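Please read this briefing with the sequence and the 3D model side by side.

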Amino acid sequence: MLKELGVETVLPEWLGANLLIKGFPEFTKLTIGSRILFPSGAGLICMVENQSCTLPGDQIQKHYVEHEKLSTRFVRAGYKRRGIVCAVERPGEIHENDEVQILINDFAHPMQ
């Protein structure tokens with residue numbers, strides 16, 4: 001996305017991120033019902049892909065005023081890369097550098 005926008009960096013907080021999970025390149029493609037589990041027992045359940053919109057692009061634009069139309073260009077650059085919206089399935093503490101477990105909901109093999 002950085003290359004497409006022509007900028008050096010985009011910080012997660014500019015995009016409205018609450019959590020940043022590294023090491024799972026296909027994160028946005030997690031299916032509805034997939035779970036993210038933390039060592040404390042906290043758990044999140046994936047609800048929907050976060051839709052791309054101009055609001056995060058507006059934040060990026062504030063940091064790169066010399067670049068034109070970043071707000072609208074972000075919509076295309078962020079497509080299928082915006083992350084996901086989750087609900088808290090089980091409350092608990094989440095700490096920086098927690099190693100998470102991701103359980104992918106596989107609709108191709110329904111529960112019996």
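On a 1 Å grid over the protein atoms alone, a pocket is an open set of points where a 1.4 Å probe fits, with protein on both sides within 12 Å along at least five of seven lines, and lining residues have an atom within 4 Å of a point. The model is predicted, so local features need pLDDT of at least 70 and side-chain atom pairs count only at pLDDT 80 or more, while totals for chains, interfaces and linings use all residues. Residues are numbered from 1 along each chain as its sequence is written, and side-chain values use heavy atoms, with hydrogens and water left out.

**Pockets**

- Rolling a probe the size of a water molecule over the atoms shows where empty space is left.
- The largest pocket holds about 940 Å³ of space, a volume being the space filled by probe spheres set on grid points that are joined across faces, edges and corners.
- It is lined by 29 residues, and those closest to its centre are Leu 19, Leu 20, Arg 81, Arg 82 and Gly 83.
- The lining of the largest pocket consists of 18 nonpolar, five polar and six charged residues; Ala, Val, Leu, Ile, Met, Phe, Trp, Tyr, Cys and Pro count as nonpolar, Asp, Glu, Lys and Arg as charged, and the others, Gly among them, as polar.
- Strand 3 gives the largest share of this lining, three residues; helices (H or I, at least four residues) and strands (E, at least two) are DSSP runs, numbered from the N terminus.
- The second largest pocket has about 300 Å³ of space.
- Its lining includes Leu 19, Leu 20, Ile 21, Lys 22 and Phe 38, as well as Ile 94 and His 95.
- By class, the lining of the second largest pocket has six nonpolar, two polar and four charged residues.

**Salt bridges**

- There are two salt bridges in the structure, each defined as a side-chain nitrogen of Lys or Arg within 4 Å of a carboxyl oxygen of Asp or Glu.
- In one of them, Lys 29 pairs with Glu 26, and the closest N and O atoms are 3.0 Å apart.
- Lys 29 is exposed at 57% relative accessible area, and Glu 26 is partly exposed at 43%; buried means under 20%, exposed over 50%, and partly exposed in between (1.4 Å probe, protein chains only).
- Arg 35 forms a salt bridge with Glu 89, with 2.8 Å between the closest N and O atoms.
- Because Arg 35 lies in strand 1 (residues 35-37) and Glu 89 in strand 3 (residues 84-90), this pair ties together parts that are 54 residues apart in sequence.
- Arg 35 is partly exposed at 28%, and Glu 89 is partly exposed at 40%.

**Cysteines**

- A disulfide is a covalent bond between the sulfur atoms of two cysteines.
- The structure holds zero disulfides, counted as pairs of cysteine sulfur atoms within 2.5 Å.
- Cys 46 is buried, with 1% relative accessibility, whereas Cys 86 is partly exposed at 27%.

**Helix 2**

- Gln 61 sits in helix 2 (residues 54-63).
- A polar atom of the Gln 61 side chain lies 3.1 Å from the backbone oxygen of Tyr 64.
- The backbone nitrogen of Leu 70 lies 2.8 Å from a polar atom of that Gln 61 side chain.
- Asp 58 is also found in helix 2 and is partly exposed at 31%.

How values were computed
A polar contact is a pair of N or O atoms within 3.5 Å; within protein, one must be able to donate a hydrogen and the other to accept it, and residues adjacent in sequence count only if both atoms are side-chain atoms.
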